[in-house]
Amino acid sequence: MGRIDFMEFLNNYTLPVVLGICLCVGYIVKQWLADIDNKYIPAIVAVLGVFLSVWVNRWSVTPEIILTGLVSGLGSTGMHQIFKQFIEST
């Protein structure tokens with residue numbers, strides 16, 4: 001699978017609203033809940049992403065909907081790192 005194929009795959013299985021919500025929740029967990037270790041944040045946003053994806057799809061559960069939730073939730077952790085590096089470099 002080439003780089004273009006992988007990016008197309010990610011694009012097909014990402015819901016921007018789920019990614020955005022997971023990004024915000026992950027940020028809140030990281031900044032305001034000191035008792036939660038950072039290593040748990042990807043798991044938290046992955047589970048949240050699946051829940052939100054199922055909710056957005058009217059409580060329908062299919063492998064594609066679960067994958068969309070996982071990709072969107074976990075993608076939010078990568079998005080956080082991209083923003084963090086961009087902000088720190090300016």
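**View 1. The largest nonpolar core of this predicted model contains six residues.** Its members are Val 18, Cys 22, Val 29, Ile 41, Val 45 and Leu 52. Two elements, helix H2 (16-32) and helix H3 (41-56), each give two or more residues to this core. In soluble globular proteins, nonpolar side chains tend to be buried together.

**View 2. Leu 52 and its contacts.** Leaving aside residues up to four places away in sequence, Leu 52 touches Val 18, Ile 21 and Cys 22. Of these, Val 18 and Cys 22 belong with Leu 52 to the largest nonpolar core.

**View 3. The largest pocket has a volume of about 180 Å³.** Helices H2, H3 and H4 (63-89) each supply two or more residues to the lining of this pocket. The largest share, five residues, comes from H2. In total, 13 residues line the pocket, and those nearest its centre are Lys 30, Ile 41, Thr 77, His 80 and Gln 81. By residue type, the lining divides into six nonpolar, six polar and one charged. Ile 41 of this lining is also a member of the largest nonpolar core.

**View 4. Helix H4 has 27 residues.** From its first C-alpha to its last, H4 reaches 39 Å, close to the 39 Å expected at 1.5 Å a residue. The buried residues of H4 are Ile 65, Thr 68, Gly 69, Val 71, Ser 72, Gly 73, Ser 76 and His 80. An α-helix has 3.6 residues a turn, so residues three or four places apart point the same way. His 80, buried in H4, is among the residues nearest the centre of the largest pocket.

Methods:
Residues are numbered from 1 along each chain as its sequence is written. This is a predicted model: local features need pLDDT of at least 70, side-chain atom pairs count only at pLDDT 80 or more; totals for chains, interfaces and linings use all residues. Side-chain values use heavy atoms; hydrogens and water are left out. A nonpolar core is a set of buried Ala, Val, Leu, Ile, Met, Phe, Trp, Tyr and Cys residues joined through side-chain atoms within 4.5 Å. Buried means under 20% relative accessible area, exposed over 50%, partly exposed in between (1.4 Å probe, protein chains only). Helices (H or I, at least four residues) and strands (E, at least two) are DSSP runs, numbered from the N terminus. Contact means heavy atoms within 4.5 Å. On a 1 Å grid over the protein atoms alone, a cavity is a set of points where a 1.4 Å probe fits but cannot get out, and a pocket is an open set with protein on both sides within 12 Å along at least five of seven lines; lining residues have an atom within 4 Å of a point. Grid points are joined across faces, edges and corners, and a volume is the space filled by probe spheres set on the points. Ala, Val, Leu, Ile, Met, Phe, Trp, Tyr, Cys and Pro count as nonpolar, Asp, Glu, Lys and Arg as charged, and the others, Gly among them, as polar. The expected span of a helix is 1.5 Å times one less than its number of residues.
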